[in-house]
Structures are given as structure tokens and as C-alpha cells.
Amino acid sequence: MIDIHKFRHWVLMAFLFVCPIIYNNTNNMDLRDFQERAFQIGAMVVFAFFVGNLWIGAFLVLNVLSLLLNTPSIGLQQVLNVFLGCVLFSVSHSYFKKNESTPYLKILLWVGALNLFWMILQMNGIDPLYIAQDASGIPQLTATYKDASGLFGIKMANAIFICLLMPILASINLWIVPLLLVPLYYTRSSVACISILISMGFYIYHIHRKLFIWFIGISLVGGLAYAIYDFKDDPSTFKSRFPLWHAVTKYSLIRPILGYGPDSFRNYTKQKDFLFYSDYDYNTALLTQRDEKTAYFKYYEMDNGKMHDKNDRKSFDKLTLNWWDNPHNEYFQMLFEYGFLGLFILGGFIRELTLRFKFAIKSKELIVLSSCLLVYAISGIGHFPIHLARLAFLFPILLGAFIAKTDNTYEVQSA
């Protein structure tokens, strides 16, 4: 078994020795700026060994390593966000060891009430916060904003937040929860509906087991009907994901170990000269950079023969391009930016969470925390909740509380 105390000892000793004397004059950076950056990177590495979880610490170290090996000027902001998430996790882990998390989670229900009021305003064409946009994000100043995005600015984020409220509200009164299906319907997110089926099914199985069969039957019929309706109304959105994910996988295998680096998916970097786009009909394409002002456009198909045919024959007159700034899948983005090493850390972490839950006492508080974490895990298949600050802020807090509530039983079983 890994002795984490020895690692902490040597990392802290190395930091104390290296930090005052480190110097590099090969990158034309001012001495003070370089030493400040070295301090920031070193402090993150030290903190990774004290964060309180092996896998979370390993992921922070991987971020720092990948940042140094790839393009620091691009990935620094994402690494900073990962670091601050680790800080939130550490604070939450420490605090909820001695305090119950449920009273704090109930605050989100008040946010949900305000969000519901905002959705009603939006559906009546009243919204002082947001304005209508087209598919490429260009403001439509003459259009009335009627999207049911609530306070979140984008419907899928609103949908995921409503899903997070459901197990919290269920811990107070299960029979009120179905009322949240009404605002959820207007967010039009099938992936969110799948996350409800799994997270609320998980909650009901552990808290109200006699209702579980009824829940599954009703949810499967209702969910299937909604998915069919949503697919018929907007089939192109569903179909657009698969060619993109195929392209992401193909290009990820070019750099399979460490990936292209933090925040590389949406940026040109020194290792990556292409971006993912689609046209007006959601056909996947790549823009390959030629120089700072021009890029080469090429359609992408899962079938290479079709791809070449499309590039040869497609008319490019009045072509409208939409930028994929993320693949709408947290797991493919993990593979692309952090490679198989990132997926290995994620797999190890998921395994630990599973074992922690298996050995833990199944209190209602733990079931609520676990159900909320499942919302992130499932919605991440078709969306990007960890890459939106309005949703991501809650994830390390829930995670810290979950780890705190399972520490005692897991440590006993691991001993």
C-alpha cells in the first residue's frame, strides 16, 4: 500500500529547497515572473498531496504536469479552476466530517424557487438578464427571449440544476418532486431526463424501496415517450453528437497518453492546429490552422469514403459555421485533454467512490449526496456540467461531503 506520508515528506522538503533558488533564463521570462509562476505551480503540487484523496491529488498533479508539457498560456485558467475545485473539496471534506450537509443543500431549493419564477417571466417574454441568440451565439437584438433557461442562461444547465434539486426535495417530501417535471419539460433536455431516471431511481430504491417498481415502470414509459417526442422535434441535435465523438476519439489516439493538455479542445495549441466545427445542418467539420489569419476547412465523416466525397462535392457558398467549444461529453473531453492517464485516474476514483458507498451506512444524507453526484455522472454523457461554473461549483462540495460521510467505514475496510 502507498505510504502517502512519505510522499508528503519528500514533496514538502523538495518545495522548501527548490522554491527559493529555481531559475530559468531560456524562455525570455522576467526573473520575478518566472519565480512567481514556479511558486504557484509548486504550491499546487504540494497541496495535491494534502488534499485528502489520492485520486483527486493525482488529477491535480496531472493537470500541472500536462500544463508544463503543453501550452501553459492556454491551460493555466483551467488548471487554476481545478486547483480551486480541490480547495473547495478539501474545505467541504473537513467541514462536513462534523456537520450535516442537508441544511446547506436546502439553500439550493430557494435558488430553485427563484429560478422557477424567472422561467415564468421568460416564457412571457420578460427577461432583463439575457437576450436571444442564434445557434452560433450571435445576439439577436430584435428577437424576444423566451428560452426557459431560468437564471442559468442555457437550458441544459437549467435542466441539470432542476435534476440536482430533486433528491434534495425528495428528502423533505417525495410527493412534491413530480411538480419539478413541469419546468424540466420546458428545458428540453433528454439527457437530463435520463439522469433523473437513474438518480431518483437510486434514491427511491434505498429510501422508498416499495415504490421502486412503480417508479421504474412509470419512468420508463414517460421517459421513452418524451425521448421519442424530443427526437422527432429535433433529430439533428441527436445525430450531430456521434460524428463529433468519433472525430474526438480518432484525434485523441494521436496523443493517447497525456492528451493535448488542459483547455486544449477549444483552442489552437503548439501540439494542436485544428478546431471542431459544424455547419448549419450540424455536419461535423475541422478547421486546420494555416497561419494566424487563415484556416483550412474540411468535413468529417465516420466513413472516410463519405468524408472525401463530401469535401469534394459540397458547395461552400454562404457556409455558416458553428464552433464546438466542447464535445458535449465530459468523458470524451477527459480523453482528449488528459489521455488514457486521465481516464485511469477517473476510473480509479469511480471505483473508490463505489467501494465507499458499498461499505457505508446508508443514511438519507448519504443517499441524497450520492443521487446528486449521479446527476453529474449521467448528464456528463451528453452535456458539460463540470465545465460550467454555475454547475461545477457544487460538485466538489458534494464530493467533499460524500467522502467525509464515508471515511470511517472505508478506512476500516481498507485497513
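Predicted model: local features only at pLDDT ≥ 70, side-chain atom pairs only at ≥ 80, totals over all residues.
Visitor: How many salt bridges does the structure hold?
Guide: Five.

Visitor: Let's take Asp 407. What does it form a salt bridge with?
Guide: Asp 407 pairs with Lys 97. Their closest N and O atoms are 2.8 Å apart.

Visitor: Where do those two sit in the chain?
Guide: In distant parts. Asp 407 is in helix α16, residues 394-414. Lys 97 is in the loop between α4 (72-95) and α5 (102-105). They are 310 residues apart.

Visitor: Is Asp 407 buried or exposed?
Guide: Asp 407 is buried, at 3% relative accessibility.

Visitor: Why does 3% get that label?
Guide: Because buried means under 20% relative accessible area, and Asp 407 has 3%.

Visitor: And what about Lys 97?
Guide: Lys 97 is partly exposed. Its relative accessible area is 44%.

Visitor: Okay, another one. What do Asp 263 and Arg 266 do?
Guide: Their side chains meet in a salt bridge, 2.8 Å from N to O. Asp 263 is buried, with a relative accessible area of 9%. Arg 266 is partly exposed, at 38%.

Visitor: How far is it from N to O for Glu 365 and Lys 405?
Guide: That salt bridge comes out at 3.6 Å. Glu 365 lies in helix α14 (residues 364-379) and Lys 405 in helix α16, so the pair ties together parts 40 residues apart in sequence. Glu 365 is buried, with a relative accessible area of 14%. Lys 405 is partly exposed, at 27%.

Visitor: Which residues do shared partners join into one network?
Guide: Lys 97, Glu 352, Arg 356 and Asp 407. Salt bridges join them.

Visitor: New topic: rings. How many aromatic pairs are there?
Guide: A search of the whole structure finds 24. One of them is Phe 152 with Phe 161. The ring centres are 4.7 Å apart. The planes make an angle of 35°, and the pair is tilted.

Visitor: Are Phe 152 and Phe 161 buried or exposed?
Guide: Both are buried.

Visitor: Which rings link into a cluster?
Guide: Tyr 251, Tyr 260, Phe 265, Phe 274, Phe 276 and Phe 336. Ring pairs link them.

Visitor: What lies over the face of Tyr 260?
Guide: Arg 255 does, at 5.7 Å from the ring centre.

Visitor: Last one. Where does the charged end of Lys 362 sit?
Guide: Over the ring of Phe 357. The distance to the ring's centre is 5.0 Å.

How values were computed. Residues numbered from 1 in each chain as written. Heavy atoms only, no water. Salt bridge = Lys/Arg side-chain N within 4 Å of Asp/Glu carboxyl O. Helix = DSSP H or I, 4+ residues; strand = E, 2+ residues; numbered from the N terminus. Buried < 20%, exposed > 50% of the residue type's maximum accessible area, 1.4 Å probe, protein only. Phe/Tyr/Trp six-rings, centres within 6.5 Å; stacked < 30°, edge-to-face > 60°. Lys NZ or Arg CZ within 6 Å of the ring centre and 35° of its normal.
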